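Thanks for coming. Please have a look at it first.

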Amino acid sequence: MREEHRTPPQDASSGDGEAGPPTDEASAAPPGRWWITPAVFGAAAALLVLAAFSPWSWGRSEDFGTVPWWIAVPALVAAVVLVGGLGTRRTVWWAVAVAAPAACLGLFAFARSPAEELPYAPRPYEFLAADPPRPAAALAAALACLAAIGLCVLLARRPGFRLPPVPGGARRRVQRLLAVVVGGVLVGSLLSVGTDQVAQGAQRALADEKKPVFDATSQTLPEERRGKGHDISAAEHHEPVPHLKPEKTLWRKKLPGPVELTTCVLDRPKNNGWLVDQDHRDDPVVTQSTLVAVESVPGGNAVVGYDTADGSERWRYTVRDTEITLPRLNKTYTADSRLGQVGVSDFCRVHVVVDPLTLVTLDGSSGEVKNTTQLPSPASGKKKRVFNWHFATESYASDERGDEDAQWQPLVPLGHADQIYVQTDRQLVEVDHWTGKVLAVTNEETGCSHLATHKRRSARTISTPLVLAQHCTSPYYIQIPRLPSDEERGVHATELMYDGLSRLISHRQDTIPRLGCERPPYITDFRDSLQGVVVVGRWCDDYDGPLLAGVDDYGAWDTVVELPKDTELPLRPHASGFGDVLWLSHGSLYLLEPSRSRTNGQGSYQKLYSGDEEPLEALVYPATRRSGAGIGHPGAFYAVTASGTLLALTYGEKEGKQGGAVAKVTGRMAKAVGECAGARDLLVDRAGVKLLALCETDGGTEVTAITGERLTKAERTYPQGGNHKHRVSH
C-alpha cells in the first residue's frame, strides 16, 4: 500500500514574509486567537487617524492647543500606508517608519521652551502674547503615535488575517472579521482619549511647577450661605443711581484698612442672560455686594470680604510674609513674598498681587480662588512697593511724582473694564478681569507709567478699556480693541489683528499736546467721557495752576481749562457717559462747560454748588443726569458734607437772565455719618439699594450704610434712549 505524502498548506506568514489578505485556504488551518490581528490593526489605524485630527480637543480650552500640521501629516500618512497595505508586514514597518518622526516632533513641540527673542521688532505699543502653556495637543498626538507604533510592532509579529471558522460561508466570515476590526477601532479611540488625558495632566503639572511658592490660606464662604442675596428688579440693578430720600442708618462699623466695593449677580432669569430687554425691567435679579478690605495680621496681611447687609465677615484670604528663591540667568536669588496691591473690580472679582510675581483672582462673593497666574519677573530689584507689580488705575495716588511712598496704595478700584492692567516700571500686562488669566504683555519700555480707564455707557455694562502711557515718552493714549469671540478669531482675524500669538494695537495713538511747553505734561487723572477723554495734570510754569483738557473722538483737543493754583491733585473728576465732567475742589462742586468752537479750544467751568457754608467732601454721580436721557427721574446724585450731613441733589436752572445749571438739594440727612479726620468716599450698593459712606483714616475705615424712601421707580434699565439691548455684567 502506497503511503501518500501530503504537503501541508503554507502559512500565510511564511514565504516572502507578507501576511497577505485573508483566504479560504488560510482559514483552513487552526486559527487560534484569530481576532487579535484584526483588532490590533483597527486600533493602530484609529490611533494614527485620531493623532492627526485630535477631535477630543475641539471642545477644550485654548490652552490645550491644536495639533500642528507637521505632526498631523506624518500621522495621517502612516494611517493611509497601514490601511492601504491591509496590514501586511512590509506596510506595517513602513507605517512605523512614518509615524516615528511624528511622535518625535510631538514630543519636541511639547518640550521646547517659548522663544525668548522676537522674530521681528515690536511696534511702539504692541501687546505680545504671554508665555503660553506647553501645547498639550502636540503631546497627545505624540503619545497616540507611540501607542500606534507599539501596536504595529505587535501586528508585525502576528500571523496575517484569517477568516474565522464560523458557519455560513465566506460572507459570514468576512462580516465577523469586519466586526472585530471595528471593535479594534473603538479600543483605539478609547486609547486616544487616554492620551489626551495624560497630556492634559502633564500640561497642568508643568504649569504648577512654574508657579512660585507663596504662603497663603483661604477661608471661603460656607456652601450653605452661597447663592443668598437681595432680590431687586433688573431696572434697579442697572439704573445709574437710585433716586432716594436718605433717612435711615442701617448699620455702622469700623473696618480695618481701606475698603472698596464689588457686586455679584447670583441669579437672573434665563431670558435676562447677557442681554437685558426693556420688557424685562421688572424681572428679579439676585445680587450680593461685598466690601473688600485689607488688614494687617500677625506675620502678614489679609484680604477680607464683608457683607454690605450687616457688615459681617464673609471670607478671608491671608498671605504671610516669607522669602522665596527665584532663578535669574544661571543663578538664584531670594525675594520677599508678601501681599502686594489689591484691585477690586465692580463685577464680582478681586485681584490680589502677591509679591514678587503672582496674581491671584478671587470670587467677590465667596472668596474662592478662581485662578493663580505667574506674572513676568519684576523688572527691578528695588524694595519700594511702587516698583513692584501694581494696577493701572484712573488716577495716581499722589501729585508728588518723586514721592514713591505717597504713590503706593494697598487697595484700588478697577472699574467696569473687560480687561485690567498690572504694571511695573518696565512692563504692562493685560489680564482678563473675569478669569484672571494673562492675555498679553507689552514689549519692555523702561520708565513707562500707565493710567487706565474705561468707556462709560451704563452703570452695570462691561466696558472697553483705554490706556495712557507717559514718563517714557510724550504722553499718549490708545483705545484697546475688544477681544474677539471664538468665531471671529477664525473669520475676522485680519480685521481684528488677532492671530493667537499677539494682539496688535491698530487704533491710532492720540498724543496729549504740550500746549507750548518744552517738557511733556505730568498727567494725574485720566477719564473717558461721551465726547472723548478728559485728562488733568500739570504742564509747565507758563500755567499757574493745573489744566483740565478734553479731546473729542476725532482727536481734536477742543477744551482746555486752567484750574486755580491751589487746586489739589489728583482731582479725581466724575465723568459720565453723556459728557458731563464734575469735580470737587475746596468743598465746592464744579461742572465743565466744553468749548463750543474747535478753533480756540478754550472751555470754562461753573460752580454747581458752593461749599462756603456746607463744604462737600465726597460725591457719587450717575452715568447720566438728564431726564431726557430716559432714566425716569431728574438725575439724582448724592454728596457728604464736612459735618457728615448726607445731601440728595439734582440738577436745576439758575434764576436770572444768564441762567445755567445749579445743583439743588432735594433731601437732607443731618449728620448722618459724623465728621471725618481722614478721606471720605461715597458708594452705591445695588444689593439692597443703599448708600455706603466711608471715612478712611490710619486706624481703618468707618462704614455707614444708609437707605431711605425711593422717590421714583427705576423705570428704565439703561440710560441710553433707543438702545434696548446691551451686554451686561457677569
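I start with the link of C264 and C348, which is right-handed, with 95 degrees about the S-S bond. C264 sits in strand β5, residues 259–267, while C348 is in the loop between β10 (331–345) and β11 (349–355), so this pair ties together parts that are 84 residues apart in sequence. The two sulfur atoms are 2.0 Å apart. Both C264 and C348 are buried. Please keep in mind that this is a predicted model.

How many disulfides does a search of the whole structure find? The count is three. As a reminder, a disulfide is a covalent bond between the sulfur atoms of two cysteines. That leaves two pairs to describe.

Next come C517 and C540, which form a disulfide with their sulfur atoms 2.0 Å apart. C517 is in the loop between β23 (510–511) and β24 (522–528), and C540 is in the loop between β25 (532–538) and β26 (547–552), so the pair ties together parts that are 23 residues apart in sequence. Is this disulfide left-handed or right-handed? The torsion about the S-S bond of C517 and C540 is about -65 degrees, so the disulfide is left-handed. As for accessibility, C517 has a relative accessible area of 7% and is buried. C540 counts as buried too, at 15% relative accessibility. The cut-off for buried is under 20%.

Then there are C676 and C695, another disulfide, with sulfur atoms 2.0 Å apart. C676 lies in the loop between β35 (661–669) and β36 (679–685), and C695 lies in strand β37, residues 690–697; the pair links distant parts of the chain, 19 residues apart. The link of C676 and C695 is right-handed, with 90 degrees about the S-S bond. C676 counts as buried at 14% relative accessibility, and C695 counts as buried at 12%.

A disulfide needs the sulfur atoms within 2.5 Å.

C145, at 0%, is buried.

Notes: Residues are numbered from 1 along each chain as its sequence is written. This is a predicted model: local features need pLDDT of at least 70, side-chain atom pairs count only at pLDDT 80 or more; totals for chains, interfaces and linings use all residues. Side-chain values use heavy atoms; hydrogens and water are left out. Helices (H or I, at least four residues) and strands (E, at least two) are DSSP runs, numbered from the N terminus. Buried means under 20% relative accessible area, exposed over 50%, partly exposed in between (1.4 Å probe, protein chains only).
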